[in-house]
Amino acid sequence: MSWLKSSNIAFGLAALAALANATHYDVTVGKGGQLKFDPETLAAQVGDTVTYRFFAKNHAVAQSAFNTPCQLQENGIFSGFTPNASPDVEAPTTFTITVNDTKPLWFYCPQTNGNHCQSGMVHSINAPASGNTFDAYKAKAQQAATPSTPPVGTLPVGGLRKLHIDVGFNGNLVFNPNNVTELVGTVLEFGYNPANHSIVQSSFDKPCQPLDGGGFAAPFFPTQQAPSGVTFEVVVKDDKPVWFYCAQTAKTHCQAGMVGSVNAPAEGDKTFSAFKALAANAPPSTIPPDTPLVGTLKVNGTIIADVGGAVLNTTGLDPSLISDVPPPGSNYSPYIGGMAGGDQPADYGWAPSITDEAVEFLQALEYISNTLIAFLFEGFILLSEGQWAGVYPLSITRTIGSLTAQALIHRKTYSDSLQHYSKPTVGLCEYKMDTESAGVDAWLQDVQTILALSMGAKIDTMALAAQNDSWLIPALATELGSEARMSAVINMMQGHFAAAAPREALVPYQLAYSYIANKYVVDGSCGDGAKEYGKVFPALTVQEKTIEAVSGRLLAVKVEIPSGSSGDHWLAFIGPWGGVQYTAVAADGTAPVPSSLSGHVWIVLTTQKDLKARDIESAAVAGPEMIWTTQQWSSS
C-alpha cells in the first residue's frame with residue numbers, strides 16, 4: 001500500500017494546523033471617498049479570511065481573470081453592490097471570503113458610474129512578484145473596455161454577505177439600521193444589546209404579533225453588556241418585504257417604535273413608516289413559546305438550538321458547575337448544551353432495579369469524571385482569560401471549552417442514574433493542580449492521562465455490566481466516541497498523531513481509581529466516609545527511558561521497584577481492548593518494551609505474569625503509569 005505514506009499524513013496535519021492558525025484580514029473599499037481598496041494587495045495562506053468593509057458611495061468586490069480586468073469571470077466571487085452615504089463610517093453590510101489556495105486572486109470594483117475599475121480601483125490576493133504582478137493587472141484595468149460587469153442588482157456569490165443590525169442600539173428602543181434594502185442570500189445578523197430584547201417576525205398588518213405560518217423568532221435576552229456576544233442570524237431568501245419587532249411588553253417596545261423592515265417598499269401604503277405607525281396602536285406584543293425559530297442563535301459563536309422557552313439563560317462555564325449536580329430530568333443551561341453539541345439522553349432505558357456492582361461502576365466513573373472536569377475547567381479558564389491566553393488559536397481554546405461542556409454532560413449519566421435509584425452520588429475532592437508553575441504542556445499530559453483512564457474504565461465497566469445491567473452499555477458506549485475525539489485533540493496539541501492506536505486500552509476501573517487517588521487527589525479531601533473503589537497502589541516511577549534515535553521508538557524503561565517487594569517482577573503493558581504483554585524486569589528495574597505497541601500504553605509492575613487485564617490488580621505492586629511508545633510514522 002505505497003500510497004499510505006507518512007508525508008501524506010504530515011500534509012494533512014499541516015493543513016489542519018493552518019486552518020487552526022488562520023489569519024483574518026480587513027480591507028476597506030472606498031474609504032475617505034477614494035476609489036481604492038486598502039490594502040491593495042495581500043499575501044494570504046490557505047484558510048485565511050478576508051472581510052471587505054464598504055464606504056461611500058456604492059461599491060462592490062468582483063473577481064476577474066488577470067487578462068480580463070473589469071469583467072466578472074465565470075463562477076467568480078462577487079459581493080453585490082453596497083450603497084453607503086458616508087466616506088468615513090463603514091456600511092453595516094460586509095462581505096467575507098475564505099482563501100482556499102495560494103493561487104493569485106484578482107478583484108475590482110464594477111461600479112460604472114465613474115468607471116471605478118478603469119480608474120484603478122483594483123485589488124489582489126497572492127499576486128506574484130514578477131510576471132503577472134499587481135501593477136501589471138492595474139495597468140490592464142486602466143485600459144479595459146467599459147462598461148464593467150456585473151450590473152447593480154446581481155446577487156452575491158462565493159462569500160458571506162452579512163448585514164449587522166444592533167438590537168437596542170445605544171440603549172434606545174430601536175433596531176439600527178431599522179429600514180434596509182438587501183440582496184437575496186444576505187445573512188441578517190442581529191446583535192443583542194442592553195437591556196432585555198427579542199426579535200420576532202410579523203406580518204405588515206399585525207406588527208406586534210408573530211407571523212402566522214411560522215416566521216423567525218429569537219428569545220428575550222437580559223444583558224447589561226454591549227456587545228453581549230449573543231447574535232441571531234436569518235438569511236434573506238427572497239425580495240419580499242420582511243417585518244420584525246421586539247416583543248418586550250415592559251415599556252411596550254414594539255408600540256414605542258422598536259420595529260424594523262428589510263426590502264420594504266419606498267412608496268405606497270406599505271412602507272416602513274406605515275408599518276411603524278400601525279405598531280404604535282397595536283395590541284400587547286407576544287412571542288412564540290419556544291425559541292429560536294427559523295434562524296440561528298449563537299452565544300460567543302456557539303450555536304444554541306433550543307433555549308427551552310422564550311428567554312435565553314447564558315450561564316456559562318462558571319465554577320459552580322463543577323460541584324453542582326442537577327437532578328434527573330433537568331438540563332444544564334442552553335449555553336452548556338450548545339457548547340457540548342447536545343444534552344444527556346432523553347431516556348436511559350433504566351431497568352426496574354440496579355445491582356450493587358453497577359452502583360460501584362457508576363460511582364467509580366463519576367469519581368474519575370469529577371477529576372477530568374476539574375482539570376478541563378482549569379485549563380479552559382487559563383487558555384481563555386488567564387496566563388495561557390494566546391498560546392493556542394481561539395478555535396482550539398473554544399474546542400477545549402466544548403470538551404469541558406461535554407464532560408459535564410457525560411457526568412450526568414452517572415449522577416442521573418445513581419439519583420434515579422436513590423443511590424449516593426460522588427462529591428468533588430481537592431485536586432493537585434499546579435497549573436501555574438507546571439505550564440500548559442504538563443496540563444495537556446494530565447488531561448490526556450485522565451481521559452485514557454476514563455475511556456479504559458468505561459470499557460471495563462461495560463464488559464462487567466453486560467450480563468446483569470445491560471441498560472448501562474448504550475449510555476456509556478456513546479460517550480466513548482466523544483472522549484476519543486477529545487483525546488485526539490489533545491494528542492495533536494502535544495504534537496502527536498490524532499489516533500495513535502486502533503482501539504482504546506481497557507483499564508480495570510480499580511486501577512484507574514488507584515492512579516487518580518494517588519496522583520491527583522489530595523489525601524483526606526473527599527469527605528468523611530468517602531468510598532474506595534479498589535486498593536491504592538504506590539506510583540510507578542519511570543527512572544529512565546531508552547529511545548531509538550532514528551524512529552523515536554521507546555525500546556526500554558527503567559522503573560523503581562518499591563521497597564519491601566521481593567522476588568521476580570514483570571511489567572504488564574496494557575494495550576488496546578485489554579491486550580496485555582509482559583516483559584521481565586531485571587534486578588536494576590530495567591525492562592524491554594514490546595515492539596508491537598503504538599501510542600500511549602499503560603504499564604503496571606506485577607509479581608506475576610500472563611494475567612488478563614482485569615486480574616492484574618491481584619498481583620500489582622505499583623502503577624499504573626502511562627508511557628508514550630511511538631507513533632505509526634516517523635516525523636522525518
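## Starting at tyrosine 108

You'll find tyrosine 108 in strand β9, residues 105–108. Proline 69 sits 39 residues from tyrosine 108 in sequence, and the C-alpha to C-alpha distance is 7.3 Å.

A quick word on the model: it is predicted, so local features need pLDDT of at least 70 and side-chain atom pairs count only at pLDDT 80 or more, while totals for chains, interfaces and linings use all residues. Residues are numbered from 1 along each chain as its sequence is written, and side-chain values use heavy atoms, with hydrogens and water left out.

## The overall picture

The protein chain has eleven helices and 28 strands; these are DSSP runs numbered from the N terminus, with helices being H or I of at least four residues and strands E of at least two. Its C-alpha trace spans about 95 × 70 × 40 Å along the principal axes.

Of the 636 residues in the protein chain, 50% are buried. Take the contacts (heavy atoms within 4.5 Å) with a separation of 6 or more: 73% of them come from residues 24 or more positions apart.

Tyr509, Tyr513 and Ala517 are among them. The cover over those buried residues includes α6, α9, β27 (600–606) and β28 (620–628).

Helix α9 (residues 440–465) packs against α11 with the axes 8 Å apart and an angle of about 155°. Here, axes are lines fitted to C-alpha atoms, for helices over the stretch in contact, and angles run from 0 to 180 degrees between N-to-C directions. The two helices are therefore roughly antiparallel (over 145 degrees; under 35 is roughly parallel, 65 to 115 roughly perpendicular and the rest oblique). On the α9 side, the residues that meet α11 include Ile450, Leu453 and Asp460; on the α11 side, they include Tyr515 and Lys519. By class, this contact has eight nonpolar, three polar and three charged residues. Nonpolar covers Ala, Val, Leu, Ile, Met, Phe, Trp, Tyr, Cys and Pro, charged covers Asp, Glu, Lys and Arg, and the others, Gly among them, are polar.

## Another helix pair: α7 and α10

Helix α7 (residues 394–420) and helix α10 (residues 472–493) have axes that come within 11 Å and cross at roughly 155°. That makes α7 roughly antiparallel to α10. Residues making the contact include Leu403, Gln406 and His410 of α7, plus Glu479, Met486 and Ile490 of α10. The class count for α7 with α10 is eleven nonpolar, five polar and two charged.

A search of the whole structure turns up 26 aromatic pairs. Rings of Phe, Tyr and Trp (its six-membered ring) pair if their centres lie within 6.5 Å, and planes under 30 degrees apart count as stacked, over 60 as edge-to-face and the rest as tilted. Tyrosine 367 and tyrosine 513 make a tilted pair, with 5.1 Å centre to centre and 55° between the planes. This pair links distant parts of the chain, from helix α6 (residues 356–385) to helix α11 (residues 509–519), with the two tyrosines 146 residues apart. Tyrosine 367 and tyrosine 513 are both buried.

Elsewhere, Phe175, Phe190, Phe216, Phe232 and Phe244 come together as one aromatic cluster.

Terms used:
Buried < 20%, exposed > 50% of the residue type's maximum accessible area, 1.4 Å probe, protein only.
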